[in-house]
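Subject: Structure handover

Hello,

Here is the structure for your files. Please look it over, then read the notes below.

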Amino acid sequence: MTAGNGATPPLGGPVAALELRGVHAAYAGIEVLSGVDLVVPVGAVVALLGANGAGKSTTVKVAAGLLRPTAGSVMVAGHDVTGAAAHDLARIGVCTIPEGRGIFPNLSVRENLWMAVPERGRLPAVEEAAFTRFPRLAERRTQLAGTLSGGEQQMLALCRALVVDPAVLLLDELSMGLAPIVVQQLYEIVAQVAREGISILVVEQFAQAVLGIADRAAIMVNGTVTQAGTPAEMQSALSDAYLGG
Amino acid sequence: MNDRIERLADEAAKLGVTKGAARDGRWQALGLAAMVVGAGVALLAYPLSLGKSDPRDIQSLIILAVAMLAVAVLGAAVFLRYSLGRFLRFWLLRQLYDGQDHIDQVVAALREPPPSSTPSPPAPPAADLTERQISR
C-alpha cells in the first residue's frame with residue numbers, strides 16, 4: 001500500500017493512460033483539491049473512493065478538462081494536456097460520464113446515439129454495435145431518454161460514450177440513485193469494457209460496488225489521495241477513510 | 001501500448017500544441033483587436049483624406065479607410081464567432097438541465113399512483129340549484 005498516488009508501474013507499459021501530478025483546484029478561491037497524485041495505467045480500472053465531499057468529482061472534472069487546475073499537471077498518454085478544453089479532450093478519446101448521466105432527456109435513445117456520431121454514414125454500424133452490447137436499449141430505441149429507468153439511462157450514457165471508441169473513460173458515481181442489482185449489472189458491463197483495453201477511472205462513494213472489478217484503488221480524504229493500492233489492500237483502509245478512524 | 005493508447009498519444013501530442021481553451025481566447029482577443037484597430041484607423045484616414053488636395057493622396061487614404069473597415073468587419077466576425085461559441089455552450093448546458101428537470105417532474109407525476117376513488121360531492125338540494133340558476 002502506498003501513501004500519495006500509489007504510482008506503481010502501469011499495467012500496460014511505462015506510459016499511464018491518465019496521470020494527475022500534484023493537482024490543486026479551487027472553486028471561487030476555496031481550495032478543494034490539494035496536491036492530488038493519481039495514475040490510471042493503460043487498460044486498468046482504477047477506483048477512486050472516498051466520503052461525500054472528499055473531492056472525487058472535482059478530480060474527474062479536472063481530468064476531463066471541465067475545471068482548470070490552479071497548480072499541477074494532467075498527463076494523457078504521457079503528454080501534458082493541462083488546461084485543454086473538455087471538448088478537445090473528448091475528441092481525442094477521454095470521455096466522461098458525469099454524475100447525473102448527462103444524456104439528452106428530450107431525445108430518443110437513437111437520437112442520443114446520433115449526437116455522439118459526427119459521420120452520418122457510420123450510424124447504422126454504430127447502432128448495431130451499441131444495441132448488440134445493450135439489448136435492453138434496443139427494445140427502447142424510439143423511447144424518450146428521459147422516460148427510461150435510472151439504470152437504462154446510465155446504460156445509455158455508457159453506450160453513448162462507447163460508440164466513439166474512447167481510450168480513457170471517466171465514470172462519476174455510476175451507482176447514484178440505482179438499485180444494487182442494477183449497479184451490479186452496470187459494473188459487469190464496465191468490467192467487460194475494461195477487458196477491451198479501455199482505461200477506466202471510476203469515482204464511487206459506495207466502495208463495495210466497484211472494488212470487485214477494479215485493478216487498483218485509491219482513497220481520497222479532504223482533497224488529497226491518502227492511500228492507494230490493490231482493492232484487497234484498500235478494504236481495510238476504507239473504514240478509516242469513511243469514518244475518520 | 002494498445003492501439004487506443006497509441007492513437008490517444010498521437011492526438012494528445014497535437015493537442016499539447018494548441019490547447020483548445022487558450023486558443024479560443026486568443027482568437028477572441030485577436031478579433032477584438034482587429035475590430036478596434038480597423039475601425040480606429042478607418043475613422044482617422046477618412047477625415048484626413050478630406051484635408052488633402054492631391055487626388056492621389058485622397059485616393060490612398062480612402063483606400064486605406066475602406067481596407068481598415070474590411071479589417072474591422074472581419075475582426076467583428078471572428079470576435080462574435082468565439083464569444084458566441086462560449087455563450088452557446090453554456091446555453092446548451094442550461095437547456096439540458098432544464099429539460100432533464102422538466103422530464104423528471106413529468107415522469108414522477110406519471111409514476112404516482114392514481115388517487116383513490118373519492119365519492120363525488122353530494123348534489124346540492126334542488127331548491128338551492130334553482131335559486132342559483134335563477135340568480136344567474
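Helices (H or I, at least four residues) and strands (E, at least two) are DSSP runs, numbered from the N terminus. Val23(A) lies in one of these runs, strand β1 (residues 18-27) of chain A.

Some ground rules. This is a predicted model: local features need pLDDT of at least 70, side-chain atom pairs count only at pLDDT 80 or more, and totals for chains, interfaces and linings use all residues. Residues are numbered from 1 along each chain as its sequence is written, and chains are lettered from A and ligands numbered from 1 in the order in which they are written.

Chain A overall

Chain A has nine helices and 10 strands. Of its 245 residues, 48% count as buried. A residue is buried if 20 or more other C-beta atoms lie within 10 Å of its own, exposed if 12 or fewer, and partly exposed in between; the C-beta atoms are placed from the backbone. Two residues are in contact if their C-beta atoms, placed from the backbone, lie within 7 Å. Take the contacts in chain A with a separation of 6 or more: residues 24 or more positions apart account for 69% of them.

Val23 and Pro69

Val23(A) is buried, because 28 other C-beta atoms lie within 10 Å. Leaving aside neighbours within four places in sequence, Val23(A) is in contact with Leu33(A), Val36(A), Val62(A), Pro69(A), Gly72(A) and Val74(A). Asp37(A) is 14 residues from Val23(A) along the chain, and their C-alpha atoms are separated by 6.7 Å.

Pro69(A) sits in the loop between α1 (56-64) and β4 (71-76) of chain A. It has 23 C-beta neighbours inside 10 Å, so Pro69(A) counts as buried. With neighbours within four places in sequence left aside, the contacts of Pro69(A) include Val23(A), His24(A), Ala25(A) and Thr82(A). The C-alpha atoms of Pro69(A) and Thr59(A) are separated by 9.4 Å, at 10 residues apart along the chain.

Strand β3

How many residues of strand β3 (residues 45-49) of chain A are buried? Five of the five, so the strand is largely enclosed by the rest of the structure. In a regular strand the side chains alternate between the two faces of the sheet. In β3(A), Val45(A), Ala47(A) and Leu49(A) point one way, while Val46(A) and Leu48(A) point the other way.

Two strands pair if DSSP finds at least two bridges between them. β3(A) runs parallel to strand β8 (residues 199-204) of chain A, joined by five bridges. Ala47(A) stands opposite Val202(A) in β8(A). β3(A) also pairs with β9(A), in the parallel sense, over four bridges. There, Ala47(A) stands opposite Ala217(A).

Positive phi

Ala28(A), a residue other than glycine, has a positive phi near 50°. Its place is the loop between β1 and β2 (30-40) of chain A. Ala28(A) counts as exposed because it has 4 C-beta neighbours inside 10 Å. Asn222(A) has a positive phi near 50° as well. Asn222(A) is in the loop between β9 (216-221) and β10 (224-229) of chain A. With 14 other C-beta atoms within 10 Å, Asn222(A) is partly exposed.

Interface with chain B

On chain A, 28 residues are in contact with 21 residues of chain B. β5 (79-80) and α2 (86-92) of chain A are the elements giving two or more residues to that side. The largest share, three residues, comes from α2(A). The side of chain A that touches chain B divides into 14 nonpolar, 12 polar and two charged residues. Here Ala, Val, Leu, Ile, Met, Phe, Trp, Tyr, Cys and Pro count as nonpolar, Asp, Glu, Lys and Arg as charged, and the others, Gly among them, as polar.

Best regards
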